[in-house]
Amino acid sequence: MDAFKINGYHSAKIISNQPKLQSGQILKGHILKIFPDNKALIQLGNKRMNAQLEASLTIGGRYHFLVTSTDQMVRLKVLGKISKSKGKENIDELINHLGLKVTKYSTSLVDELINKKIPFDKHQLVKALQLLGASKNKTDAIRILVQMIEGKIPLTTSTYAAFETRFGSISLNEELKALYNQLQNNGDHRVLHDQLHDLLQRPRGIENIVSRQLYNEMKVAGYDMDRFLRFTGMSGVRIRSTEQENLMAQVNKTNPNSALSSEMGAALSNLRPELMGNLPSQLTKMVENKIVLMEEAKKMISFWKTLSPSIEQLPTQLFAQLRQQINDKISPLLTVEQKQYITTYLKNNTVSLDRVFAFIESLSDENLYSIATRLLGRINKDHNFSLSSPKEQFLLHLNHQLNHIGLNDEHNISKGLTNEITVKQLLIQILSNSNGSISEQSQKLLHYINGIQLNSVMDTSSGIAANLLLPGEKIGLKNDFELDFKGKRKDNGEIDPDYCHIVFYLELANIKNTIIDMNIQKRNINLTIFNQSGHLKYLPESLKAVLKNKLTELDYNLTHIQLKDGNMKELEKAEHSVTTNSYKGVDYRV
């Protein structure tokens, strides 16, 4: 995917919207026509406008201009004429004129800005050269700084780090996964671990969910899983399913010969696969009855301790009294499986009674209810996701990222809104309290999220441009899902669905890097699919028919689909059209 971007296809990036001229900016201009009374048609960047000349300029001449005023009329000062024969000496003269040091890299940076017709000012250039000097990879730094100046992004160390990470070689999916893996063995950051899990992991069935969640609980907090399984009623006949076998293979590969692997193997062996379907309802009942259960269990344990049996069995009358209390106070609050456990072991001998009261004691353990609550939440989330259609899965994943990764944190704070704790907030907490590898990876991910924010939306009076980036593994992609959007506004300010341009960037399992370019004009859709694999020779008519019908249901008309190979050269052309203006007056004074 990165090769596509480097080759120039990301011309649709939101930062490509050219800002209005501001005092102090420097840009290249071209004198197109000279009119009477010292007036001229001048091209500045990608715009043509009329100008009043107060300096001797020649038709066809190219100049570097400095914007000196933008009050009632924009005033431009000529910094120097551009000579074709001088080549990059023109750039060096401009840098000298600004009182800055000419170097190989300063020349390259200014040359890139001029060639891309990006206005800049001396202050921006000074800050950019400072950041460029501190960078290790000068070529990448120049590319990033040009993007930032084009998008009018403040040139600071933190914003540069955000852009450098966001547009670097590592994907969002990889950055998230790197931190997720580091947190697997760390119980101090469970909330962040669970947040990252929701962004990354694709559900693979309830047994897999239960096995993995219990394995993480054991790794992080060292809980006795056999005790938890008895607590829920999931422990029973030693049957190991295929899901459990697969998970144990991964456990043993990661932790060969470890005590944890052996203990986890024993716990997984006791899972009863036939009970998995009822597990959500069982856990729900346990959590709902938590307060009463804990209270009654503590009373029962106190009663048991007063008996202090030292003989093989209780007197018949006392045992009957004990059984009646359990049946009246405890059993009505239990699940079917828990009741069955008590019925099986409630016999009048010390061994059986010890087992029953070990179970009752677990009903008073706050930690076990916490595990049950987390497990229930994980099952419900993943189960609901897996039952959803691909479209619903995408929207669920999108909404989860927007609400939980932290892209709206600053906006919500400024508006006095409260929201759930986000990944970004948790990363900031780690950086203020931790050090080491977790802190280092947290800083990288925080930079990445800031980079996504800075490049997310540009809203103007005439339209909107947006960039969307999601980790793709959750929705079945190999890597990130990326989307660029540009749209117009109606007179009432709403986005016009009849006119827009959407570009999808995908990395698919079989056909690899793929770009889908969707152009919408008057609700007519022109679709172009670019692919570098060589495997996408044609699009089956059956798929075309499905796509066309689905778009028709949304009142859009699919007019054309074309497939192209990975040659991106034709897409590198500038998208900005230059309209020839007739001579009507004066816009600029030079």
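Colleague: Which two strands form a hairpin with five residues between them?
Modeller: S9 and S10 form that hairpin, and Gly493 in the turn has a positive phi of about 95°. Strands here are DSSP runs of E with at least two residues, helices are runs of H or I with at least four, and both are numbered from the N terminus. This is a predicted model, in which local features need pLDDT of at least 70, side-chain atom pairs count only at pLDDT 80 or more, and totals for chains, interfaces and linings use all residues. Residues are numbered from 1 along each chain as its sequence is written, and side-chain values use heavy atoms, with hydrogens and water left out.

Colleague: In what sense do S9 and S10 pair, and over how many bridges?
Modeller: S9 (residues 481-489) and S10 (residues 495-508) pair in the antiparallel sense over seven bridges; pairing requires that DSSP finds at least two bridges between two strands. Phe485 has Ile502 in S10 as its bridge partner.

Colleague: And what joins S10 to S11?
Modeller: Ten bridges do, and S11 (residues 512-521) runs antiparallel to S10. Leu508 stands opposite Lys512 in S11. S10 and S11 form a hairpin with three residues between them.

Colleague: Changing topic: which helices come within 11 Å of each other by their axes?
Modeller: The axes of H10 (residues 225-232) and H18 (residues 366-387) do, and they cross at roughly 75°. Axes are lines fitted to C-alpha atoms, for helices over the stretch in contact, and angles run from 0 to 180 degrees between N-to-C directions. H10 and H18 are therefore roughly perpendicular to each other, a label for angles of 65 to 115 degrees.

Colleague: Which residues make the contact?
Modeller: Met225, Arg227, Phe228 and Phe231 of H10 meet Leu368, Tyr369, Ile371, Ala372 and Leu375 of H18, where contact means heavy atoms within 4.5 Å.

Colleague: What about H6, enclosed or open?
Modeller: H6 is largely enclosed by the rest of the structure, because seven of its ten residues are buried. Buried means under 20% relative accessible area, with a 1.4 Å probe and protein chains only. Among the buried residues are Tyr160, Phe163 and Arg166.

Conventions. Parallel < 35°, antiparallel > 145°, perpendicular 65-115°, else oblique. Buried < 20%, exposed > 50% of the residue type's maximum accessible area, 1.4 Å probe, protein only.
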